[in-house]
Structure formats: structure tokens, C-alpha cells
Amino acid sequence: MTALNRVPSLMARAGTASALTLAAVGGSIAVPGLATDASAATIASKALKVAASKKGSPYRWGATGPNRFDCSGLTLYSFKKAGKKLPRTAAQQYNKSRHISARNRKAGDLVFFHSGSSVYHVGIYAGHNKIWHAPKTGDVVKLQKIWSKSVWYGRVG
């Protein structure tokens, strides 16, 4: 094997060693195109944890926390704590999010309930066809199975 033929092999081994070294010391590698998705995933997982931490908080129309919430108030509060600003209403949040298919939904995505073209409710997808949400007057923030097929999904980030 000539020295020229060994260059790709040597570079591949050097790249692997560099990645392993970075991982061992807690470094990171920037991969073009993945930073945004990774950032969105971190924001989404933080928002999901915040929403879950509000389990049992009473519903109050127009409330945005920290102790009482309406549906969009819970999502606004959760994403704000995760470092991302959302508009106030469910419909505004839908318009601001990146629309995704049900097949591509992930934990931390927003779930929008709609009637025709009107969005009337929002929650945070928790996986396994469940959401964290603030349902209605007289109820509390809770984890609940998605009860309708009339939903759209949005990703924040």
C-alpha cells in the first residue's frame, strides 16, 4: 500500500480518535444541519418536564402560571422556562410552530386540537399518544390520552 492510499484510512482513524477524545472529556462536535434539531429537542424536553412538574395545578381561564394555567398558558409557561418564547393563544402558537405530521411527532411537540380550521386547545406531547395539558374549568393540569383524531402537531425551536 502506498502512502497516498493510507491517507483516507489514517484520516478516518484520526477522526474517530478525535471524536472519542472529545466525548471522553465532555466536548462536542458540530455537525451541520443537526444543531437546530438538537437545540429544539433540548428545549422540547425541558418544556415537557416543566409541564409535568405542574401536575395538579388548577385550571383558570387566561392564567399563565406559575400556579394556575389555561391550556395555552401552560404551554407558554413551559416553553418560556425552557428558553423559548411563544405567543399567548393556542391558535397563535399553532401559527408560530413548525407544522409536522403525526408520524414525525416527538415528545415535547405541541398538540393542537381543532374544529375545521379553528384551533381551540393545545397540549404538550408526552409520547405514547398522551399529552400534558390544562383541560378546562374545574380540572387540573394532567397527563391524558389524546381523545380526538382532529389534531395537528407543531414543533417549537
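**Strands and salt bridges**

Visitor: What makes β4 and β5 paired strands here?

Guide: Four bridges join β4, residues 130-133, to β5. Pairing takes at least two bridges, so with four of them β4 and β5 pass the test. The two strands run antiparallel. By the way, you're looking at a predicted model.

Visitor: Which residue of β5 faces I131?

Guide: That's Q144.

Visitor: What is the order of the strands in the sheet?

Guide: Six strands line up as β1-β6-β2-β3-β4-β5, with antiparallel pairing, and the sheet is open.

Visitor: Why are β1 and β5 said to stand at the edges?

Guide: Each has a single partner strand, so one side of β1 (98-100) and one side of β5 (142-145) have no neighbour in the sheet. On average, neighbouring strands are turned by 45 degrees against each other, if you ignore direction.

Visitor: Which strands does helix α3 touch?

Guide: Helix α3, residues 71-81, packs on the sheet and touches β2 (110-115), β3 (118-127) and β4. The direction of α3 makes about 45 degrees with that of β3.

Visitor: Okay, on to charges. How many salt bridges turn up in the whole structure?

Guide: Three.

Visitor: Why is the contact of R88 with D70 called a salt bridge?

Guide: Check the distance: the closest N and O atoms of R88 and D70 are 2.8 Å apart. The cut-off is within 4 Å, so this pair qualifies. R88 sits in the loop between α3 and α4 (90-96), and D70 in the loop between α2 (35-53) and α3, so the bridge ties together parts 18 residues apart in sequence.

Visitor: How do you know whether D70 is buried or exposed?

Guide: D70 has 7% relative accessibility. Buried means under 20%, so D70 counts as buried.

Visitor: What about R155 and D109: what makes them a salt bridge?

Guide: Their side chains meet at 2.8 Å, N to O, and that is within 4 Å, so they count. R155 is in strand β6 (residues 151-155) and D109 in the loop between β1 and β2, 46 residues apart. R155 is buried at 16%, and D109 is buried at 2%.

Visitor: And how far apart are the closest N and O atoms of K142 and D139?

Guide: They are 3.0 Å apart, which is within 4 Å, so K142 and D139 form a salt bridge too. K142 is partly exposed at 26%, while D139 is buried at 16%.

How values were computed:
Residues are numbered from 1 along each chain as its sequence is written. This is a predicted model: local features need pLDDT of at least 70, side-chain atom pairs count only at pLDDT 80 or more; totals for chains, interfaces and linings use all residues. Side-chain values use heavy atoms; hydrogens and water are left out. Axes are lines fitted to C-alpha atoms, for helices over the stretch in contact, and angles run from 0 to 180 degrees between N-to-C directions. Contact means heavy atoms within 4.5 Å. Buried means under 20% relative accessible area, exposed over 50%, partly exposed in between (1.4 Å probe, protein chains only).
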